[in-house]
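Please read the following report alongside the sequence and the coordinates.

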Amino acid sequence: MDTLKNLLLSLTLCCLAILAGQAQDRRDFGIQAGTTYYYGEFNEVMPLYSPSFAMGVIFRYNINHNYSIRASAIYANVSGSSSSANIIPDPNISFSKNIIGAEAMGEFNFYSINPTSSRKANLSPYVNAGVGLAQMGTSLIFQIPFGVGLKFTPGQRHTFALEWRFHKTFTDKIDDYSSPDDGRKPFLHNNDWFSFIGLIYTYRIPNNSYICPAYR
C-alpha cells in the first residue's frame, strides 16, 4: 500500500508541476463543499443517509472547452448505525469516521465551457472518473471515484458546479461490520462505498506570463 500511495502521489505531483507550467489560461482553482454519506451493510440504497458536512479544494487543468483533468482533496465524515438495517442481528453497532481523501480524475463536459468568455454564459452537464486514496482512522484505502454534475459559468472567470460523486472502496470495514464469512471472497458487492453531493466553485487563474501571439 505504501508503494501504491507513493506512486499515486508522485504521479499527481508530476502532473500538477507539468500543468502549472503550461501557457494560456487553462487552470482553475477552487473549493468544494457539501455532504458525505456511506453505503454498506447499514445502508444499502438510501441517498443522503446520515449526512455529514464535507469540504475540500480542487485544481483543474482544462485541455480544451470539453476535456479537463483535475486533482482534488476533501475532508469529510461518514457515520451510521445498525439500527437502520433490519438484516443485522445486533442493533447496537454504530460508527463515525473522518475521511481525508485525494483524487486524480478526468472530466468531460457535454457542451463547451469557457469561463473567460464574456459573450454568453455556459451551461453543461458533465461526467468524471479517476483514482484516489482515502485515510480513514489508521487505514489508508484505495478508491475509485466517479460522478456526474452540472456546470455553469457566468463568465468573469467564475464557474459553479453541482456534483454527485461516488467513491467505490475495496474494504468492507468502513462501518466496522463485515458480512459473515461464508468462504467466498466477494470483490464487488460486499465492500463499502461513500458518496459526496455538493457545490464546487472554481476561478480561472490568469497566466500573466502568456502573451497572445497577435501582440508579440
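## Contacts and overall make-up

Among contacts in the protein (heavy atoms within 4.5 Å) between residues at least 6 apart in sequence, 65% join residues at least 24 apart. The model is a predicted one, in which local features need pLDDT of at least 70 and side-chain atom pairs count only at pLDDT 80 or more, while totals for chains, interfaces and linings use all residues. Residues are numbered from 1 along each chain as its sequence is written, and side-chain values use heavy atoms, with hydrogens and water left out.

The protein has one helix and eight strands, where helices (H or I, at least four residues) and strands (E, at least two) are DSSP runs numbered from the N terminus. Read from the N terminus on, the elements follow the order α-β-β-β-β-β-β-β-β. Of the 216 residues in the protein, 42% are buried; here buried means under 20% relative accessible area, exposed means over 50%, and partly exposed lies in between, with a 1.4 Å probe and protein chains only.

## Pairing around strand 1

Strand 1 (27-39) is mostly covered, since 10 of its 13 residues are buried. Strand 1 is joined to strand 2 (52-62) by 10 bridges in the antiparallel sense, two strands being counted as paired if DSSP finds at least two bridges between them. Within this pairing, Ala33 has Met55 of strand 2 as its bridge partner.

Strand 1 also runs antiparallel to strand 8 (residues 193-205), with 13 bridges joining the two. Here Tyr38 stands opposite Phe194 in strand 8.

## Pairing around strand 5

Strand 5 (residues 122-136) pairs with strand 4 (residues 94-109) in the antiparallel sense over 11 bridges, and Gly101 has Ala134 of strand 5 as its bridge partner.

Strand 5 and strand 6 form a hairpin with two residues between them, and Gly137 in the turn has a positive phi of about 65 degrees.

## Surface and nonpolar patch

The protein exposes about 11800 Å², of which carbon and sulfur atoms supply 64%; accessible areas come from the Shrake-Rupley method with a 1.4 Å probe, and for residues only the protein chains shown count as cover. A nonpolar surface patch of about 580 Å² is made by Leu123, Leu150, Phe152, Phe160, Leu162 and Leu199. Patches are made of residues with over 30% relative accessible area and no salt bridge, with like charges joined within 9 Å and nonpolar side chains (Val, Leu, Ile, Met, Phe, Trp, Tyr) within 5 Å; a salt bridge is a side-chain nitrogen of Lys or Arg within 4 Å of a carboxyl oxygen of Asp or Glu.

Strand 6 and strand 7 each supply at least two residues of this nonpolar patch. Leu123, another of its members, has its place in strand 5 and counts as exposed because its relative accessibility is 51%.

Ser50, in the loop between strand 1 and strand 2, has a phi near 45 degrees, a positive value in a residue other than glycine. With a relative accessible area of 28%, Ser50 is partly exposed.

Gln156 lies in the loop between strand 6 (139-155) and strand 7 (158-169), and Gln156 has a positive phi of about 60 degrees although it is not a glycine. Gln156 counts as exposed, because its relative accessibility is 58%.
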